[in-house]
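Thanks for coming, everyone. Let me put the structure up, and then I'll walk you through it.

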Amino acid sequence: MVETLGNLAAGFSVALSPPILFYAFVGCVIGTLVGVLPGVGPLAGISLLLPATFGLDATRAIVMLAGIYYGAMYGGSTTSILMRIPGEAASVMTCIDGYAMARKGRGGAALSIAAVGSYIAGTVSIVGLMLLAPPLAAFALRFGPPEYTALYVLGLLVLAYMSSGSMLKSLAMAALGLLLGMIGIDQMTGYFRYAYGVVELGDGLGVVPVAVGLFGIAEILATAGQPTPPTVIKPKLRELLPSRQEWREANWPIWRGTVLGFFIGILPGSAHIISSFVSYAVEKRVSRRPEEFGHGAVAGVAGPESANNSATSGAMVPMLALGVPSGPIPAVMLAAIMVHGVAPGPLLIQQQPALFWGFIASMYVGNVMLLILNLPLVGLFVNILRVPYPYLYPAILVFATLGVYAVNNSVVDVWIMLATGVLGWILRKLDFETAPVVLGVVLAPLLELSLRQSLAMSDGRYGIFVQRPIAATLLAVGAALVLLNLYAVARRSVDWRAKMALAEKGEAP
Amino acid sequence: MTTDRVAGIGLALFGAVILEESWRSRLPLGSVAMPGPAYVPAVLAVALLVSGAIIAAQGAGAPRLGAVGWQEWRHAAAIIGVCAFMALAFERLGYRLTVAIACVLLLSLVERKAAASALIFAASMAFGTYYLFDTLLRVQLPRGPFGF
């Protein structure tokens, strides 16, 4: 504990240096903008700004990108509460009760509760990250290829299980992503695979063009041509203070959302989105007045907003401790630090203490910045929504193309972005989730390499995966999830994932 | 046809294409004990083929393809076309000219905005983003044959 506090103090000396403070501030402002703007999620925001971090050192780059990530969680609540338009997917649940509060004249109170809840969740969850990541990294030093193979398989199974709707569809999407991730040169033999003569595909499909295409371009294709957004409800500054009763009603949902969000954040998947859905369901279940949900329940804002912020810190645990991204956003952030020659993995915390602890400390500072940005300056950010969508989406399209091109200075990446954008649009129409595709693309080369290394180690015997306790445990957990899903299918019951899918479509379960 | 039937058939076809390409390009399959470069892709392709077939077979109750709502398809097709133009022109015409033309195309032809506002917006985007990213943030952006 003393050692942790000492490391944290050293981290603050990095985080409070003017350049780091500046990049944390820039990240928080951009993140808030990204969260406020409908159609631009944190993933698209991080991907677009990735090339701009190439000229920075690894610490400044990761501090700025993380600021965008958790800044988007704060900003996303603004449009949800004042316009009933989720700025990003994790704020969908906030639309329901946040907008109902705004229509009752309590929009300012809803914004304050969302911002304070996000602040508490953001700050407390960093403590969890700080305490959990170093021991997990130390434990992960025992991992060899069989353990990593089992971990990747478990990651894909958990993602498929946590996805709303059919697990079969999610697994099919993961298989599609894995296949796309195998395009390019085979790392063990040097064979050129599935590239159809395109030399630029030798290094495989980049995670940035795939992620921007599947999320950013697909969103633009789906929403372009929509009518002008509805009128914005603008609360006055003096209306921002919630009443004592509202604070009381927000208290426990904030704490429950914080704990729930952090642990869901550690799991693979779109954690910040899932956590807000689960938190809303939990708050409705434990509430003494569940009939208030949908009509302006304070807990319906406080819980999900705290959960999605807490999940961002949770998602950093496997990223920093194991070097394994739990979803597309951590994957892009890992790509950002790898550009600077920093190798992700269990040794990161030992070898790059200034980066790790400076990053942790900057998250504390960033949360304070965001609280200031998102309360008194909320009117400023809301003004951006006055830009008509016919002008907004061409700008987003230009930023997306620029961001994707600049990663490798390659037009092939722009074509990949376009192709995956069309694929993502069609998949959304057909009711398929696209997050497993991105995770599949990221994990494909790692999974295939570790599998083949494991078999080389064991002379071709698959028993190695059950003889090593860590690998066996991880695979057993994965098998249990598959069995749980099969059980639900056999009983034809509407479990929580099916309810979540219905809620996403706006249908009552 | 329902959405699940279309998706299932599409996924199964993709799996079949991967298998055909593995066969056509003579990638070594290896063995179960020592997988070659085609082994894992082939296993995944078979898995995709099977899961696609199951999704299609179970898809009778899914919504019909026409019921999903494709009303934005004209806009989407125009945006795809403009994106394709950007990919083709980026290194041929340079960043600023490409972005300016793309913005004018989107605003005047797709969104039917006045020519003056489309031109002002296009010029602001092209030169503003170039200044921000290339000049200030030092992200190398392509220059065209006319030097910009």
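One cut-off before we start: a residue counts as buried when its relative accessible area is under 20%, and as exposed when that area is over 50%. Also, please keep in mind that this is a predicted model.

Is Glu147(A) buried or exposed? Its relative accessible area is 3%, so Glu147(A) is buried. Where does it sit? In helix H7 of chain A, which runs over residues 145-162. What does its side chain reach? The backbone nitrogen of Gly144(A), at 2.9 Å. Now look around it. Setting aside neighbours within four places in sequence, Glu147(A) is in contact with Arg142(A), Arg468(A), Ile470(A), Ala471(A) and Leu474(A).

Zoom out to chain A. The chain has 22 helices and 2 strands. It counts 509 residues, and 61% of them are buried. Take the contacts in chain A with a separation of 6 or more: 80% of those are between residues 24 or more positions apart.

Next, the inside. The largest nonpolar core has 174 residues. Which residues have the most contacts inside it? Leu129(A), Met316(A), Met333(A) and Ile360(A). Helix H17(A) gives the largest share of this core, with 13 residues.

Leaving aside neighbours within four places in sequence, Met316(A) is in contact with Ala66(A), Tyr69(A), Leu129(A), Ala321(A), Met333(A), Phe359(A) and Met363(A). Another core lies apart from the largest one. That other core has 16 residues, among them Ile81(A), Ala102(A), Ile113(A) and Ala114(A).

On to chain B, and helix H5, residues 115-136. How does its length check out? With 22 residues at 1.5 Å a residue, H5(B) should span 32 Å; the end C-alpha atoms are 30 Å apart, which agrees. Its buried residues are Ala118(B), Phe121(B), Ala122(B), Met125(B), Ala126(B), Thr129(B), Tyr130(B), Phe133(B) and Asp134(B). Watch the numbering there. An α-helix has 3.6 residues a turn, so residues three or four places apart point the same way. What do the buried residues of H5(B) pack against? Helix H3 (42-49) and helix H17 (389-408) of chain A, together with helix H4 (95-110) of chain B. Just after H5(B) comes Arg138(B), with a positive phi of about 60 degrees.

Last stop: two loop residues. Asp431(A) is not a glycine, yet has a positive phi of about 70 degrees. Its place is the loop between helix H18 (411-429) and helix H19 (435-457) of chain A. With a relative accessibility of 42%, Asp431(A) counts as partly exposed. Arg26(B) is not a glycine either, and has a positive phi of about 50 degrees. Look for Arg26(B) in the loop between helix H1 (3-24) and helix H2 (39-57) of chain B. The relative accessible area of Arg26(B) is 72%, so this residue is exposed.

That's my tour. Over to you.

How values were computed: Residues numbered from 1 in each chain as written. Chains lettered and ligands numbered in written order. Heavy atoms only, no water. Helix = DSSP H or I, 4+ residues; strand = E, 2+ residues; numbered from the N terminus. Buried < 20%, exposed > 50% of the residue type's maximum accessible area, 1.4 Å probe, protein only. Polar contact = N/O pair within 3.5 Å; in protein donor to acceptor, adjacent residues only side chain to side chain. Contact = heavy atoms within 4.5 Å. Expected span 1.5 Å × (residues − 1). Core = buried A, V, L, I, M, F, W, Y, C linked by side-chain atoms within 4.5 Å.
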